[in-house]
Amino acid sequence: MSGKQARRRRQTAAAPPPVARKGERRRASPKVLGIAAVAVLVVAGVAVGIALAVGGGSSSASGTVPTRGSLTNALPDADAVQREFAGVPQHGLVLGSPKAPLTMIEYVDLQCPGCRAFETEVLPSIVPEFVRTGKLKIEARPIWIIGPDSLPGRNAAIAAGRQNRAFNFMQVVYSNQGTENTGWLNRAFIEKAAASVPGMDVRALLDDQNSSAVNKVGEGFDAAKVTTTPTLLLGRTGSTLQPVSSAATFDQAKLAAAIRSLG
């Protein structure tokens, strides 16, 4: 059984989150939109908010933070994720060659079930045909719209990008995603996900996700005021990118056709 098939089988067996169906974009909660409207208060309290959201303090769930990530005792599907992205260049939050003629931007929330469906069922077919061949680069813009539990996930993804491993980290998270706003996306889980990415400096990620530099990047993505995830924008590099429909977002064949139509 392939890694992709194994992920699908495990996701089918698991009870889906009750707030969104597969193939359905997730809209921001009114509470989060209200928080965005008073962003200055978020900025003022972000240090405290992040500390609480990721479980508080600096203690590790295992007692000892691994120095480097590996596939030893890794989360399920970490090996398949490693194979998916092995050899594909990553620069910060960009997957693929910086010179690729086509660009796709993805606004995602790590708690979003629709994002999980896209990332684990559609993207694994897009990467080999378009990204590995240098035709397309993908820019990840992690945001938090579902609820406060999304904030540490957003920052951890950006921190992973500082080590050029953002897509590996996010894919491991999606493959092991829990139910929205139940506290699963906490410090212990983030640590375990980071430790499941070979070569990841786990301590650096845990430290960076709380930094002002990482939060500033995240606030820049939030400023786009995207209210549904996943939101994809596609087009020729350097041009104005156009939104991708839901039908194409969740259908590999339709998304591939849209990419091919750009030349």
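I took buried to mean under 20% relative accessible area, exposed over 50% and partly exposed in between, with a 1.4 Å probe and protein chains only. The model is predicted, so I required pLDDT of at least 70 for local features and 80 or more for side-chain atom pairs, while totals for chains, interfaces and linings use all residues. Residues are numbered from 1 along each chain as its sequence is written, and side-chain values use heavy atoms, without hydrogens and water.

**Helix α6.** I took helices (H or I, at least four residues) and strands (E, at least two) as DSSP runs numbered from the N terminus. Helix α6 covers residues 150-161; its 12 residues should span 16 Å at 1.5 Å a residue, and the 17 Å between its end C-alpha atoms agrees. The expected span is 1.5 Å times one less than the number of residues. I found 12 of the 12 residues buried, so α6 is largely enclosed by the rest of the structure.

**Arg154.** This residue of α6 is buried, with a relative accessible area of 2%. I then looked up its polar contacts (N or O pairs within 3.5 Å; within protein, one atom able to donate a hydrogen and the other to accept it, and sequence-adjacent residues counting only if both atoms are side-chain atoms). The Arg154 side chain makes one with the side chain of Asn215 at 2.7 Å. A polar atom of the Arg154 side chain also lies 3.4 Å from the backbone oxygen of Gly218.

**Sheet.** I noted an open sheet of 6 strands with mixed pairing, ordered β2-β3-β5-β4-β7-β8. Pairing requires at least two DSSP bridges between two strands. Strands β4 (102-108) and β5 (136-142) run parallel, joined by 7 bridges.
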